[in-house]
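Please keep the sequence and the model in view while reading.

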Amino acid sequence: MPYKKLIFTTTLLCLSFGSALAQENAQALFASKCASCHVTTPPADFSKLTAPPIMGVMRHVKMHHKSKEAAVAFIVDYTLNPQEEKALCTTDKIKHFGLMPSQRGNVTQEELQRIAGWMYDNFPAASSSKKQCGTQQARQATPSPKAAPSQFLIASGMPHMTKLLMQQWDDSTLALTPDQKKKLLRVRQQTMQAVKRITPRIRGLQKTIIHKTMAGESPNTLEPMVKKLGQLKAQATNVHVQCIYDTKNILTEKQMAYLSR
Ligand code: HEC
């Protein structure tokens, strides 16, 4: 599936020591208690998953629970007492993965509070939506001001197929055939590889330009770097365009219509 993992860790320059530690702590807890089933980065092969990736889980949780408090309460309760009637995951997902086994005994309520808060603060990544092959961005009237600047030249208006595809990978109406899935995974892999190659260069160059600008470097000296940055962003945009094109060629018109409904 053509979607790029372009989730960047936001570098927080002014994190206080205490909260940085708490963050790390919750992250470590998640890693030891939840990550055996819930991955935190989109996997190359969805068929190997035993549970929905955490950004998908959190997208659903945030859709249903507007405040952090309510979201955390839901997660804590669900993790200890999973029940199909409470689940926000679609029945499709539950059929596919089975109901989550209660984590009672594996994790305490207090640990869960911290894990859930961390999940809420970090997923889905603020910048992830606009960076995946389309998705979401065009739906948001105003992009979140916190989102990292896109590495694409066209930040909105591209069709959103990728995230929808990931969410509906096993949707029975979409009915992706095994052959389509294989092709989509290949497109996704190619896209990710290309983007992974370009993105760190864009990030690095942006940092350098910012740094030099603040250090008083002359615009003349910076100009070639800015030009290079433009080229790299154009490359990333081409990858995005290619990814959408390839995806459209794999899906039928009916499937496309269903995804863009
Ligand atoms: C043994 C595998 C496994 C472990 C370990 C696990 N989960 Fe899950 N989890 C699942 C599966 C499978 C689902 C999807 C089915 C469902 O929703 O019940 C799920 C779904 C969820 C959901 C979404 C519920 C919904 O449907 O709305 C949340 C929230 C969640 N897990 C939190 C956690 C947290 C927090 C931990 C760690 C403390 C954890 N999980 C550990 C397997 C696991």
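## Helix α3

Val-72, Ile-75, Tyr-78 and Thr-79 are the buried residues named here in α3; a residue is buried if 20 or more other C-beta atoms lie within 10 Å of its own, exposed if 12 or fewer, and partly exposed in between, with C-beta atoms placed from the backbone. They sit on the same side of α3 because they cover an arc of only 140 degrees around the axis, the arc being that of the directions from the helix axis to the C-beta atoms. The structure is a predicted model: local features need pLDDT of at least 70, side-chain atom pairs count only at pLDDT 80 or more, and totals for chains, interfaces and linings use all residues. Residues are numbered from 1 along each chain as its sequence is written.

The buried residues of α3 pack against α2 and α5 (109-122). Contact between two residues requires C-beta atoms, placed from the backbone, within 7 Å. With 13 residues, α3 reaches 18 Å from its first C-alpha to its last, close to the expected 18 Å at 1.5 Å a residue; the expected span is 1.5 Å times one less than the number of residues.

Lys-68 also belongs to α3. Lys-68 is partly exposed, since 13 other C-beta atoms lie within 10 Å.

## Helix α5

Ala-116 is one of the buried residues of α5, with Leu-112, Ile-115, Trp-118, Met-119 and Asn-122. These fall within an arc of 160 degrees seen down the axis of α5, so they line one face of the helix. On the other side of α5, Gln-109, Glu-110 and Asp-121 are exposed.

α5 has 14 residues and spans 20 Å from first C-alpha to last, close to the 20 Å expected.

## Around the ligand

The ligand has 27 residues around it, of which Cys-34, Cys-37, Ala-87, Leu-88 and Met-100 come nearest; a residue counts as near if its C-beta atom, placed from the backbone, lies within 6 Å. Two or more residues of this shell come from each of α2 (54-64), α3 (68-80) and α4 (91-97).

By type, the shell has 18 nonpolar, seven polar and two charged residues. Ala, Val, Leu, Ile, Met, Phe, Trp, Tyr, Cys and Pro count as nonpolar, Asp, Glu, Lys and Arg as charged, and the others, Gly among them, as polar.

## The whole chain

The chain contains 10 helices and zero strands; these are DSSP runs numbered from the N terminus, H or I of at least four residues for helices and E of at least two for strands. Of its 261 residues, 31% are buried. Among contacts between residues at least 6 apart in sequence, 74% join residues at least 24 apart.
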